[in-house]
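Q: Hey, can you walk me through this one? I'd like to go piece by piece.

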Amino acid sequence: MDFFAPAGGKHYNTPMTGATNFEGLAVLLGAGPGAEGLLTREGETWLSRCDCVIYDRLANPALLDLAPEQAEKIDVGKSPDHHTVPQEQINRLLVEKVREGKIVVRLKGGDPLIFGRGGEEIEALHEAGLEFRVVPGITAAIAAGAYAGVSLTDRRCASSVAFVTGHEDPDKTESAVNYEALAGVDTVVFYMGVGRLDAICRSLILAGKSPDTPAVAVQSATLPRQRTIRATLGTLAEQAREQSLAPPAVVIVGQVARTAEQWNWFERLPLAGQCVLVTRSRKQASRLARGLALHGAEVIEAPTIEIQPPETYTAVDAAIREIAQFDWLVLTSPNGVEAFLTRLAALKLDARALAGVQIAALGDATADALRRGGLLPDRVPETFTTEALGWALLERDVKGKRILLARSDIAPPDLAQMLAAGGAHVEDVSVYRTTRPASLPAAAREALQAGRVDWITFTSSSTVENFLALAGEQACRHPGCKIAAIGPVTARTLRQAGVEPTVVADPHTIEALITAVTTEESRENP
Ligand code: SAH
């Protein structure tokens with residue numbers, strides 16, 4: 001048996017297993033069509049361990065976050081004067097960076113070798129005698145078909161498909177695009193054709209394709225702002241003009257485009273076209289952000305909270321050193337669990353130190369964080385409020401018991417007071433600090449200023465308070481802007497600030513918050 005084989009007997013034949021000390025290497029990497037999740041696993045691996053990323057306009061900028069912080073990031077999609085960097089210059093840059101001995105990811109929208117000039121870059125690398133790899137990506141045509149409800153080669157009406165550049169002027173005498181030949185292809189997909197749509201459609205009709213052939217233009221495929229214009233070959237150019245079609249868009253011509261109305265699942269998701277602001281700390285935001293995005297929302301992160309270590313560990317350390325003397329350890333957030341376990345480890349202790357101590361957790365997420373840390377909570381109240389947690393402990397008779405609350409510096413004193421009133425000896429220590437960032441990210445500020453935010457989600461009272469302090473009292477009162485609160489306490493804080501929540505999650509979980517928002521939207525736009 002291979003002792004080092006990954007669990008489950010899987011064989012990884014990706015280049016990432018084994019030694020990775022490359023001496024200069026270029027990776028032409030397909031970023032996919034836009035949605036972050038449509039990057040390949042291989043692509044993610046290379047990105048996460050490169051020294052330099054040279055990227056284009058069409059690659060999703062969020063993917064850059066997958067690269068190491070210290071990696072050099074070079075934008076060749078736009079220069080200060082808004083002109084793209086000439087291809088020869090990109091080739092030279094690529095060669096130069098690889099020669100420095102770096103792993104250079106050349107991140108390109110879609111697939112690097114489909115209308116991506118990847119061939120020219122490979123040639124430059126090859127001629128310079130440099131090593132290169134190519135990681136394919138999902139090209140725009142495939143993505144647009146999938147997300148706009150078009151099966152490009154549905155065998156009932158198509159047995160061939162062509163990817164064609166629309167960048168060329170079809171009127172020029174020696175067009176490289178053979179429209180006569182294209183007229184005989186069942187499905188034709190044009191890239192870069194927005195500016196020349198008239199001429200493209202006309203040329204296809206002149207070449208013999210029926211003007212009644214279904215045709216669609218899919219703009220910003222896979223992104224929350226995706227939209228599809230459905231027409232026929234004869235009417236598409238006019239429709240596109242009327243509806244202000246803008247790049248990036250692909251045009252799909254063929255009988256297969258008939259289904260684009262019925263099968264367009266993406267633009268019909270309950271949160272399609274909705275811009276949602278997530279105000280949690282960046283680290284915590286992902287589950288909420290991902291859940292909302294799954295329902296079609298454009299999610300903008302606007303962290304209003306930063307998690308920091310406490311000013312001093314004196315009280316925490318003293319409590320941890322005599323943890324065996326406590327009857328209960330109470331944790332009220334995943335951050336608290338993580339901070340507590342990190343400190344435990346820093347003091348060279350592990351779960352065994354908690355052997356005789358009972359653990360109470362507030363909320364499923366906190367309980368899950370404990371389980372991930374190898375600890376099973378003894379008590380998790382069904383209602384996720386501190387008050388319910390207090391009652392759950394009082395039920396167990398806490399008289400004379402020692403209870404350690406390991407929480408944030410801004411946790412309200414109610415729980416400690418409640419337990420003390422029940423006769424417990426309570427020690428309330430801050431294992432982490434919650435601070436307010438200096439400002440909201442530019443994307444959030446811009447969306448708020450433009451009045452294009454449809455929802456703001458709040459997952460705690462401090463997100464409400466900090467958001468109002470950062471964005472101003474008026475930010476929540478923009479007409480058409482709806483407010484979602486995770487529970488009654490957060491809702492009360494909102495009301496105290498004069499903001500009426502549109503929905504309040506019940507139970508008070510992230511999942512229920514997502515459901516509340518989608519249900520409200522489905523109710524409004526059935
Ligand atoms: N290498 C890329 C194509 C680059 S050419 C790929 O494989 O997809 C740029 C053209 O790609 C755009 O003009 C547009 O036609 C198409 N395109 C790229 N991303 C797109 C998207 N998200 N939606 C629709 N078309 C897109």
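Q: What should I know about the model before we start?
A: This is a predicted model: local features need pLDDT of at least 70, side-chain atom pairs count only at pLDDT 80 or more, and totals for chains, interfaces and linings use all residues. Residues are numbered from 1 along each chain as its sequence is written, and side-chain values use heavy atoms, with hydrogens and water left out.

Q: Let's do sheets. What's the strand order in the one with S1?
A: That open sheet has five strands, ordered S3-S2-S4-S1-S5, with parallel pairing. Strands are DSSP runs of E with at least two residues, helices are runs of H or I with at least four, and both are numbered from the N terminus. Two strands pair if DSSP finds at least two bridges between them.

Q: And which strands sit at the edges?
A: Strand S3 (72-75) and strand S5 (132-135), each of which pairs on one side only. On average, neighbouring strands in this sheet are turned by 15° against each other, ignoring direction.

Q: Can you zoom in on one pair?
A: Take S2 (residues 52-55) and S3: they run parallel and are joined by four bridges. Cys 52 has Glu 72 in S3 as its bridge partner.

Q: Which helices pack on that sheet?
A: Helix H1 (residues 41-48) is one of them, touching strand S1 (25-30), S2, strand S4 (103-108) and S5. Contact here means heavy atoms within 4.5 Å. The direction of H1 makes about 140° with that of S1. Helix H2 (residues 87-99) lies across S1, S2, S3 and S4, at about 150° to S4. For these angles, axes are lines fitted to C-alpha atoms (for helices over the stretch in contact), and values run from 0 to 180 degrees between N-to-C directions.

Q: OK, how about the sheet with S13?
A: Five strands form that open sheet too, in the order S13-S17-S16-S14-S15, and the pairing is mixed. Its edge strands are strand S13 (306-308) and strand S15 (358-361). Neighbouring strands are turned by 25° on average, direction ignored.

Q: What does "mixed" have to do with pairing?
A: Strands of a sheet pair through backbone hydrogen bonds, either parallel or antiparallel. Strand S14 (residues 328-331) and strand S16 (residues 402-408) pair in the parallel sense, over four bridges. There, Trp 328 has Ile 403 of S16 as its bridge partner.

Q: Switching to helix pairs: how do H12 and H13 cross?
A: The axes of helix H12 (residues 386-394) and helix H13 (residues 414-421) come within 9 Å and cross at roughly 20°. H12 and H13 are therefore roughly parallel to each other. The cut-offs: under 35 degrees is roughly parallel, over 145 roughly antiparallel, 65 to 115 roughly perpendicular, and the rest oblique.

Q: Which residues of H12 and H13 make the contact?
A: Among them are Leu 389 and Trp 391 of H12, plus Leu 415 and Met 418 of H13. By class, the contact has seven nonpolar, two polar and one charged. Nonpolar covers Ala, Val, Leu, Ile, Met, Phe, Trp, Tyr, Cys and Pro; charged covers Asp, Glu, Lys and Arg; the others, Gly among them, are polar.

Q: What about H8 and H17?
A: Helix H8 (residues 282-294) and helix H17 (residues 510-524) pack at about 30°, with axes 10 Å apart. That makes H8 roughly parallel to H17. Arg 287, Leu 288, Gly 291 and Leu 292 in H8 meet Ile 510, Glu 511, Leu 513 and Ile 514 in H17.
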